Amino acid sequence: MSSPVVTRFAPSPTGYLHIGGGRTALFNWAYARKTGGKMLLRIEDTDRERSTAAAIDAIIEGLTWLGLDWAGEPVSQYGRAVRHREVAELLLAQGKAYRCYCSPQDLEEMRARAEAEKRPIRYDGTWRDRDPSEAPAGVKPAIRFKAPQVGETVIDDAVQGRVVIPNKDLDDLIILRSDGNPTYNLSVVVDDHDMGVTHIIRGVDHLTNAARQTQIYMAMGWRVPHMSHIPLIHGPDGAKLSKRHGALGVEAYRAMGYLPEAMRNYLARLGWSHGDDEIFSTDQMVEWFNLESIGKSAARFDFAKLENLNGHYIRHTPDDMLLTQFIDFLPHAEGGKALLAHIDEAMMAKLMRAMPGLKERAKTLVELMKSTAYLFAQRPLAMDEKAQQIIKDGGAEALKGVLPVLTQVENWIAHDLETAVKSHAEAQGLKLGKLAQPLRAALTGTSTSPGIFDVLEVLGREESLARLGDQAA
């Protein structure tokens, strides 16, 4: 009977959770859920100078916002350093590692010789077979892994296929530094083994590490986990993803007004596919997900596609759920906290009534927030240039004519308001737009808004008539 699937997401807390890390976490999470297994979270915080508590918080907050959970408490790799040193000493005792007394100057000379002779820069094995009695006095040694020098190391990768690396191309890596600190490749192997990780899903930039780690697994007599090295994410121009393309922290996407459901859908499609399906729920993704459908080619990040997809999710999210997400979003948006201070029970009711019209035009929650501005505006409204021009160019006169008509409307609902305004326009021989534009300018202070009759209904009789009266000639 095969053991349950255990995946892990193992970010380094040296900055925010970037978008590539978010996708790696999503693939690990989806595969664990698909197979009835679990995903673990390990914080690889061995770089003490660059690892910060703020970055750890940002990673956890980013994963939580994306809706990706994990089993148990996050594991600190640094907190397991004693165990890593124990394994390094065990390899040393078994003759599978050795003490290296090379000084930084020795290593620099080795590098210079390799460059001069146009050879790959690798450790040359100076202390591999030397007697420790030759060790210079007062030098603290590093411990190096005694890598096999002949044959090949094979990685049977679910995404990249069978990867064969000649052992002559891999030198004896340091597993314990001279200051007693374990190195990345040793720590990862020990942690993955001890945590029972069965499947490693990570970026293809770790493929060389995979060969080195496989050698350590084999030296310890441990089972090598299944490996899947997923393609990197590039910008739409095919270049390596940079900040101008969207290589931002997950929290930046939250602040830009993307929904977590849309982000999950979009990230899933970066390198993985299910036929021609572009839009699918998270449950569908989990149901369909498999490692074999991850492509080898770099995926291309495209903001336009993400925006369009996000717009789809905004339009199809139930109004009450979208309102909750909108309120949750405000503290993270520029100017959002100021709006939040004005949201009471009455404003919540207005927002709820306005939501069907608001969400039709918005591709992000930022756009949705901007389109709610008319609800929060205080009289007399500040008007943008286009709105001012509409009022000047006959708009005020038009408002003066339609104001008495609206005053007579008994049921202040969009349908009855539209009927009254259309009747007035026909009686005056006007196109509806000649009235709708001045109404929009006077009610919202802009030339764009949700449907004008929806705006009238949401604002209510008293506020609507007052705003129109302010602008009527």
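Analyst: Buried means under 20% relative accessible area, exposed means over 50%, and partly exposed is what lies in between, with a 1.4 Å probe and the protein chains only. This is a predicted model, in which local features need pLDDT of at least 70 and side-chain atom pairs count only at pLDDT 80 or more, whereas totals for chains, interfaces and linings use all residues. Residues are numbered from 1 along each chain as its sequence is written, and side-chain values use heavy atoms, with hydrogens and water left out.

User: Does Arg254 count as buried or exposed, and with which residues beyond its neighbours within four places in sequence is it in contact?

Analyst: Arg254 belongs to helix 7 (residues 250-255), where helices (H or I, at least four residues) and strands (E, at least two) are DSSP runs numbered from the N terminus. Its relative accessibility is 18%, so Arg254 counts as buried. With contact taken as heavy atoms within 4.5 Å, and with neighbours within four places in sequence set aside, the partners of Arg254 are Glu61, Trp65, Asp328, Phe329 and His332.

User: Why is helix 5 largely enclosed by the rest of the structure, and against which elements do its buried residues pack?

Analyst: Helix 5 (residues 184-194) is largely enclosed because 8 of its 11 residues are buried. The buried residues of helix 5 are Asn185, Leu186, Ser187, Val188, Val189, Val190, Asp191 and Asp192. They pack against strand 1 (6-9), strand 2 (38-43), helix 3 (81-93), strand 8 (174-176), strand 9 (199-203) and helix 6 (207-220).

User: Which residues of helix 19 are buried, and against which helices do they pack?

Analyst: In helix 19 (residues 452-459), 6 of the 8 residues are buried, so this helix too is largely enclosed by the rest of the structure. The residues concerned are Ile452, Phe453, Val455, Leu456, Val458 and Leu459. Their packing partners are helix 13 (345-361), helix 15, helix 17 (414-428), helix 18 (432-444) and helix 20 (461-471).

User: How many aromatic pairs does a search of the whole structure find, and which residues form one aromatic cluster with Phe27?

Analyst: Rings of Phe, Tyr and Trp (its six-membered ring) pair if their centres lie within 6.5 Å, and planes under 30 degrees apart count as stacked, over 60 as edge-to-face and the rest as tilted. On that basis the whole structure holds 11 aromatic pairs, among them the tilted pair of Tyr253 and Tyr258, at 6.1 Å centre to centre and 50° between the planes. Trp272 and Phe289 also form a tilted pair, at 5.5 Å and 35°; Trp272 lies in the loop between helix 8 and helix 9 and Phe289 in the loop between helix 9 and strand 12 (299-300), so the pair ties together parts that are 17 residues apart in sequence. The residues that form one aromatic cluster with Phe27 are Trp272, Phe280, Trp288 and Phe289.

User: How far from the ring centre of Tyr123 does Arg144 lie?

Analyst: A charge sits over a ring if NZ of Lys or CZ of Arg is within 6 Å of the ring centre and within 35 degrees of the ring normal. The charged end of Arg130 sits in this way over the ring of Trp127, 3.8 Å from its centre. Arg144 lies over the face of Tyr123, and its distance from the ring centre is 3.6 Å.

User: What is the volume of the largest cavity, and which element gives the largest share of its lining?

Analyst: On a 1 Å grid over the protein atoms alone, a cavity is a set of points where a 1.4 Å probe fits but cannot get out, a pocket is an open set with protein on both sides within 12 Å along at least five of seven lines, and lining residues have an atom within 4 Å of a point. Grid points are joined across faces, edges and corners, a volume being the space filled by probe spheres set on the points, and the count comes to 1 cavity of 30 Å³ or more. The lining of the largest cavity consists of Arg264, Asn265, Ala268, Phe280, Ser281, Thr282 and Met285, with two or more residues each from helix 8 (260-268) and helix 9 (282-288). The volume is about 30 Å³, and the largest share of the lining, 3 residues, comes from helix 8.

User: How much space lies in the largest pocket, and which residues lie nearest its centre?

Analyst: The largest pocket holds about 1,200 Å³ of space, and helix 1 (19-34) supplies the largest share of its lining, 6 residues. Of the 45 lining residues, those nearest the centre are Pro11, Ser12, His18, Asp205 and His206.
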